[in-house]
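Have a look at it first, then read on.

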Amino acid sequence: FEYRDICDWFLWNPDFSVKSKINGSFVRKLREEDGLSVGYAGGFAGLVHTFLHLVPPDKYYRTEPSLYALDEKGNRNSGGLCMSNPRTLDRVYRSCLSWLEQEENPTLISVSINDGEMAYCRCEKCRKRLENGENDTDLLLRFVNKIARKLKKKYPNVCVDTIAYHDAEILPKKTVPDDNVVIRVCTTGNRETSFPKSVEDYKKTGDERLLTSVDFDQRLNGWSKIAKKIYIWDYPYNYHVINTVYPILHTLLDNVRYFADN
């Protein structure tokens, strides 16, 4: 596990992080004597759901609405990007460069769909690709691959990360991630049992409460067949009140072994 982080307010202390082998640079900045940290260019905004920050609507929506997703009613929605527009590709690429140029030794950058109100483009070009057998994940991966290829010329050691999330968690039909693209797979499932045990129990019992875990297992296996590098965004939290007690301690070791096996 080359990148290890915990999204918890109390776990950003450098001494605690080093002792716990947490090396992510989201908020936390490890010191040179600690071996420094690993993380995403762009600071706090660069961790995930970066479309909003790479092409900020308050800067571009009024002057270049075609950068954003066209919904089925013909309205431009700033909750997503038009990934068939070459100008969108150029804007994202330039923003990525500006983020990377601020890092001393960059290794990762996230080019990923927004959270919350997400919009998927249905302009003529995007719709044509969907009609030709692709899906929204294909559109995203095509776009991310192009960014990764352009960045590789100047930053050969940087990987471009995107999240398999929302409608884009579905496996692509035609597109394979480039070798320097990281697929960050977001977990879904019953938190009371580990993923491998949930799959095992579902085969025995058919308990429908375990179906979301089984679905995640199938997706992870599918991604592992086409992606050279996979990260996991796991949810062992109650995100409504993030520091409340959440009874998953007994599942963590099995899950980490399961992630390593995949």
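**Aromatic rings at a glance**

Phe-51 and Phe-143 are both buried. Keep in mind that this is a predicted model. A handy thing to know before the details: a pair of aromatic rings is described by how far apart the centres are and by the angle of the planes. The structure holds 11 aromatic pairs, and a couple of them are picked out below.

**The Phe-51 and Phe-143 pair**
- Phe-51 belongs to helix α2 (residues 51-54) and Phe-143 to helix α6 (residues 136-154), so the pair ties together parts that are 92 residues apart in sequence.

**The Phe-216 and Tyr-258 pair**
- Phe-216 and Tyr-258 make a tilted aromatic pair, with 6.5 Å centre to centre and 55 degrees between the planes.
- This pair links distant parts of the chain: Phe-216 is in helix α8 (residues 211-226) and Tyr-258 is in helix α9 (residues 249-261), 42 residues apart.
- Phe-216 counts as buried because its relative accessibility is 0%, where the cut-off for buried is under 20%.
- Tyr-258 has 7% relative accessibility, so Tyr-258 counts as buried too.
- Phe-216 and Tyr-258 also belong to one aromatic cluster, together with Phe-195 and Phe-259.

**A charge over a ring**
- What sits over the ring of Tyr-93? That's the charged end of Lys-150, 4.5 Å from the ring's centre.

Definitions and conventions:
Residues numbered from 1 in each chain as written. Predicted model: local features only at pLDDT ≥ 70, side-chain atom pairs only at ≥ 80, totals over all residues. Heavy atoms only, no water. Phe/Tyr/Trp six-rings, centres within 6.5 Å; stacked < 30°, edge-to-face > 60°. Helix = DSSP H or I, 4+ residues; strand = E, 2+ residues; numbered from the N terminus. Buried < 20%, exposed > 50% of the residue type's maximum accessible area, 1.4 Å probe, protein only. Lys NZ or Arg CZ within 6 Å of the ring centre and 35° of its normal.
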